[in-house]
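Subject: Structure handover

Hi,

Here is the structure for your files. Please open it alongside the notes below.

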Amino acid sequence: MPTIEEGVKLDFKDVLLRPKRSTLKSRAEVDLKRTFHFRNSNQEYTGIPIIAANMDTVGTFEMAIALHKHSLFTAIHKHYSVEEWQEFAAKHTDVLNNVAISSGTSEADFQKMEKLVSLIPQIKYLCLDVANGYSEFFVELVKRVRKTFPKHTIMAGNVVTGEMVEELILAGADIIKVGIGPGSVCTTRKKTGVGYPQLSAIIECSYAAHGLGGHIISDGGCTCPGDVCKAFGGGADFVMLGGILAGHEQCAGEKIKKSDGKEYKIFYGMSSATAMQKHHGGVAEYRASEGKTVEVPYRGDVENTVLDILGGLRSACTYVGASKLKELALRTNFIRVTQQTNEIFKMLETD
């Protein structure tokens, strides 16, 4: 019979970080770089652990080049051809340490991944991406990829509960993507009723992963730099962003100019009708679209948004007395709230 799990589960909107006494004199003193040693690949990562999502409007080569300048990471979307990958790799060898090859679950996806790994050996990260990481088929895929690429760091997901985090790590994954339904263009919760509040998912999944020497990515749900801070405070090792990075020059797609002179870019979920029409010829009759398509105001170069996120993260660290991003989760106490901000005035578009 159905059961109800008691206890409140929380999202980013439900909490604020409690400030603490700090000895830091300036935000400039905060070190945002992390170094991780991965359990199964035995590889090491050093950088600022923020990742552009592997969505075909956001996880672009252009985004990877821009984010690399700030030591950020990009999960490149899976729809680039082998030839496009080769051209990118030849011109931007310095960026290859900060990108992942993304793959789905089909045999064609696996063979393409094998080919890319063979042609571009500098890339050491593989992102295995499915909407539902709970299937045994996906667990077997992770095992197969680990056996085939023993020295590559594997990101796998998405899941939202500790037991599945543990199973995927034991199957060979190094970093588990956590998040079902929190994304700005995801409609999974509306279409299926399935999901888990993102902050509670982060807290519970990070506890499970860290107990095995694994790591997690908080994937989805961040609407502002403050949410990125809360994700790290909750125990996320990496934070993956889609909507926050949408609409920039580095995003795929042409700019759309409206009659009022304002410009927009199209942004859509990878399970949306738009994505399925583009890549698969339409929505299969056995499934529903679980994403939406929106027009995002054009936001220019991603540089200013990156600096805004990093500035907010440094400031959060100073408020709780964390001299390093590594210390943020240790210094974090969340307080439950009923209101986040005072919205009496709207910001100017230039703010």
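This is a predicted model: local features need pLDDT of at least 70, side-chain atom pairs count only at pLDDT 80 or more; totals for chains, interfaces and linings use all residues.

Residues are numbered from 1 along each chain as its sequence is written, and side-chain values use heavy atoms, with hydrogens and water left out.

Annotated site. The unreviewed UniProt entry marks Gly-181, Gly-183, Cys-186 and Arg-189 as "binding site". UniProt positions follow the numbering used here, feature names are shortened, and annotations may be inferred rather than shown by experiment. Cys-186 sits in the loop between β9 (175–178) and α6 (188–192). Helices (H or I, at least four residues) and strands (E, at least two) are DSSP runs, numbered from the N terminus. Cys-186 is partly exposed, at 26% relative accessible area. Buried means under 20%, exposed over 50%, partly exposed in between (1.4 Å probe, protein chains only).

Arg-189 lies in helix α6. Arg-189 is partly exposed too, at 30%. Leaving out residues up to four places away in sequence, its contacts (heavy atoms within 4.5 Å) include Asp-11, Gly-181 and Tyr-196.

Helix α4. The buried residues of α4 are Phe-138, Val-139, Leu-141, Val-142, Val-145 and Arg-146. Down the helix axis they fall within an arc of 155°, so they line one face. The arc is that of the directions from the axis to the C-beta atoms. They pack against α3 (107–119), β7 (125–129), β8 (153–159) and α5 (162–171). Phe-137 and Lys-147, on the other side of α4, are exposed.

Best wishes
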